[in-house]
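Open the model in your viewer and keep the selection tool ready. The tour goes from stop to stop, with something to select at each.

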Amino acid sequence: MNSLCSVAVLLSCLVLLFLGKESLSHPLSAPLKLKQPLSFCQFNGSVCCNSHEDLKLQKQFKAVNVSGSCSSLLKSLLCSKCDPFAAELFRAESESRQVPVLCNSTVSSHKSTQSLAGIDFCTRFWSECQNLSVTNTPFASQSGDGGNSTLYEIWKSRNDFCKIFGGSSDESSVCFNGQAVSFDISKATSPSPSGICLEKLANGSFLNMEPHPDGSNRVFLSDQAGMVYLATVPSQGSREVLTIDETNLFLDLTEEVHFDAELGLLGIAFHPDFSRNGRFFVSFNCDRVKWPECSGKCACNSDVDCDPSKLDSDDGATPCQYHSVISEFFTNGTYVKPVEVRRIFTMGLPFTSHHGGQILFGPKDGYLYFMMGDGGSKGDPHNFAQNKGSLLGKIMRLDVNNVPDAKAMSQFQLWGNYTIPKDNPFTQDKNMLPEIWAMGVRNPWRCSFDSERPSYFLCADVGEDKYEEVDMITKGGNYGWHYYEGPLPFTSSKTSKNSTKITNPILPVMWYKHSDVNQKEGSASITGGYFYRSSTDPCLYGTYLFADLYAGVIWGGAETPLGSGNFTSSHILLQCTSDSPISCSSDTDSSSSSSSSSSSSSSPALGFIFSFGQDNNKDIYLLASSGLYRIVRPSRCNFHCSLENGTSLVPSRQPDRSPPSPSSSQRLHNSITQSDRINGKMAMEVCLWRWVNWLLDNPVCSGLLKMELMVNLKQMEMDDVNLKTVQLSSSGSLNG
């Protein structure tokens with residue numbers, strides 16, 4: 001409880017650092033535990049103000065010169081900036097405001113916050129203070145007349161006033177009722193699953209699965225060789241197989257795609273407005289020796305201090321012989337004319353591995369996200385992942401709705417036919433490529449947005465020697481590679497002359513050690529999945545599923561409490577239902593559906609788990625080397641789920657709110673042994689810097705915010721603040 005409150009306090013304090021010219025000037029700090037209580041604003045425990053800011057608020061209150069019943073209301077409103085949950089009160093994640101959201105009569109029935117039923121603070125404030133002059137008050141910034149009028153003269157009525165300043169309290173937000181905020185942080189998730197029940201619907205090996213944009217029971221499947229199929233998914237419980245018309249391919253790119261090991265057709269995506277424009281996108285690798293149109297700028301170039309002529313041949317290929325390509329096609333939803341409409345992106349690859357390759361459209365912004373690995377070779381020897389001028393080891397965000405003009409092509413030195421979203425994090429940084437959304441990843445292998453909370457963008461990142469990880473991707477985030485692998489610093493046998501230390505790595509929200517899944521060889525490779533949002537297995541609802549390529553095991557990640565960004569994960573038992581349409585056993589003729597006569601469920605012979613898929617019903621699929629599997633009702637494998645038969649309440653839909661941070665707690669994952677745990681000092685520093693990253697993602701903040709934060713950090717007044725838990729070294733790097 002105390003650690004959670006500290007996390008929330010830290011977020012709130014940081015978000016309020018730079019709300020505007022009228023706001024308090026908060027120093028960068030951890031939760032403030034004062035040696036002596038504030039003299040003006042009375043809060044117990046941690047607060048977002050120190051004694052100097054408390055004095056400023058007292059002087060502001062005296063300058064207003066208010067008396068009567070309005071006096072106490074105005075004081076409580078001014079002091080709300082010191083509330084430990086001030087970021088929630090001021091809704092700082094969406095807009096800059098000087099007045100907290102005042103509770104009005106529209107109050108949610110959910111009781112995730114303190115009971116606000118019957119409280120209408122906005123009406124009360126209007127009734128008692130409508131004749132208050134806005135001069136020297138937080139209302140002055142929105143008065144529009146220089147702050148010389150009264151509340152009544154400006155807003156005329158209670159309805160108009162509360163329309164501007166009022167709000168409700170629900171699962172995703174909180175309002176100000178004149179008192180300190182209090183939260184009920186009890187766990188609000190479904191029961192833990194006792195296991196996952198699977199059925200096998202198809203043979204064959206696929207890398208990608210996308211639901212048909214028309215909302216039907218059809219899906220698109222693509223294999224690594226370059227073929228895309230249109231398939232019909234049988235309904236749950238039908239005991240039927242997936243129907244694929246292999247004689248009528250949706251798209252055949254086998255002539256263009258170079259298929260080998262980590263190369264091939266790696267991603268497919270449909271435009272958000274596909275029903276009207278028919279735009280379809282494919283990400284693949286090509287060989288410039290075999291295909292003349294496979295030609296682009298090499299990622300190893302003078303801009304990143306890399307000479308391709310000095311790179312060794314990799315698996316018989318010369319540097320940048322292979323390219324990563326995103327192509328656009330047109331389709332009517334049933335067939336694609338195999339003629340490229342537009343080449344979106346082309347980049348030569350220095351080595352033959354770590355190319356990511358997944359593409360997906362953001363559910364809220366409509367931009368194309370492109371996942372790119374560090375380019376290969378052990379330890380990222382050229383430090384591409386941290387190089388600001390390289391797109392390797394990055395997650396990119398591209399606008400494919402606007403064709404760049406000659407000026408944009410020249411200004412940004414684009415790698416294809418796309419433009420740069422104006423709110424990309426580094427558009428104003430001349431040292432950073434503007435395509436970059438996030439950096440410091442090794443080989444992101446399968447990312448997804450939560451369908452209920454699109455602000456939750458999770459990526460699995462393949463590790464090198466010891467750890468596999470899941471990252472919460474945020475705007476401008478740096479995930480540490482090659483300085484960090486999983487939760488700990490990484491030391492490579494090869495050092496790069498381009499290496500520069502980083503001070504604010506975002507550590508993963510979940511991870512596991514290689515030895516946990518393969519004790520003999522220590523090999524592992526993570527495969528990212530989805531938040532489970534289907535009603536088929538309600539005990540999995542809200543769980544983030546991910547797997548390991550080699551081990552054939554699945555983890556479930558649970559966030560507790562919801563919205564905290566604090567995840568723990570555990571293995572989930574896998575079973576295949578005895579009445580699977582296709583046998584799950586490797587020693588049975590899987591083409592026969594008569595195998596359903598088996599008397600009991602068994603462990604499925606998955607082989608390699610390449611990827612996950614999702615259909616329009618939000619059912620989840622495993623795309624494995626042995627075939628395609630679907631998660632079905634737990635009772636079909638004799639797993640017990642109290643929610644399956646309606647004996648308990650199904651978890652409510654989770655509101656979409658930006659995660660407070662990729663790390664809102666110490667991140668001491670329960671699968672890591674005590675010897676591997678990060679010491680408390682380092683954990684607190686990591687937490688602090690992650691909050692800073694979250695703050696930098698906020699549209700309220702200016703592009704110069706980070707510089708100002710560092711200035712405030714160095715000028716921090718220490719007289720009232722106990723900061724023994726957070727120490728930053730003189731170089732700005734993390735200690736511990």
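**Stop one: a disulfide**

Select Cys49 and Cys82, which form a disulfide with their sulfur atoms 2.0 Å apart. Remember throughout that this is a predicted model. A disulfide is a covalent bond between the sulfur atoms of two cysteines. This one links distant parts of the chain, with its two cysteines 33 residues apart. Cys49 lies in the loop between helix 1 (2-15) and helix 2 (51-64), while Cys82 lies in the loop between helix 3 and helix 4 (86-89). Both Cys49 and Cys82 are buried. Is the disulfide of Cys49 and Cys82 left-handed or right-handed? The torsion about its S-S bond is about -95 degrees, so the disulfide is left-handed.

How many disulfides does a search of the whole structure find? The search finds eleven. A residue counts as buried under 20% relative accessible area. Cys300 has 1% relative accessibility and therefore counts as buried. Cys306, at 5%, counts as buried.

Now select Cys576 and Cys584, another disulfide, whose sulfur atoms are 1.6 Å apart. Cys576 is at 1% relative accessibility, so it counts as buried. Cys584 is at 6% and counts as buried.

**Stop three: two helices that cross**

Two packed helices are described by the angle between their axes and the distance between the axes. Select helix 2 and helix 3: their axes come within 10 Å and cross at roughly 150 degrees. The crossing of helix 2 and helix 3 is right-handed. To see the contact, show the side chains of Leu57, Gln60, Phe61 and Val64 on helix 2, then those of Ser71, Leu74, Lys75, Leu78 and Cys79 on helix 3. Sorted by class, the residues in this contact are six nonpolar, two polar and one charged.

**Stop four: one face of a helix**

Select helix 5, residues 121-129. Which of its residues are buried? They are Phe121, Cys122, Phe125, Trp126 and Cys129. Turn the view to look down the axis of helix 5: the buried residues fall within an arc of 135 degrees, so they line one face of the helix.

Notes: Residues numbered from 1 in each chain as written. Predicted model: local features only at pLDDT ≥ 70, side-chain atom pairs only at ≥ 80, totals over all residues. Heavy atoms only, no water. Buried < 20%, exposed > 50% of the residue type's maximum accessible area, 1.4 Å probe, protein only. Helix = DSSP H or I, 4+ residues; strand = E, 2+ residues; numbered from the N terminus. Arc of directions from axis to C-beta. Disulfide = S-S within 2.5 Å. Axes fitted to C-alpha atoms, helices over the stretch in contact; angles between N-to-C directions. Left-handed = near helix turned anticlockwise from the far one by under 90°. Contact = heavy atoms within 4.5 Å. Nonpolar A, V, L, I, M, F, W, Y, C, P; charged D, E, K, R; others polar.
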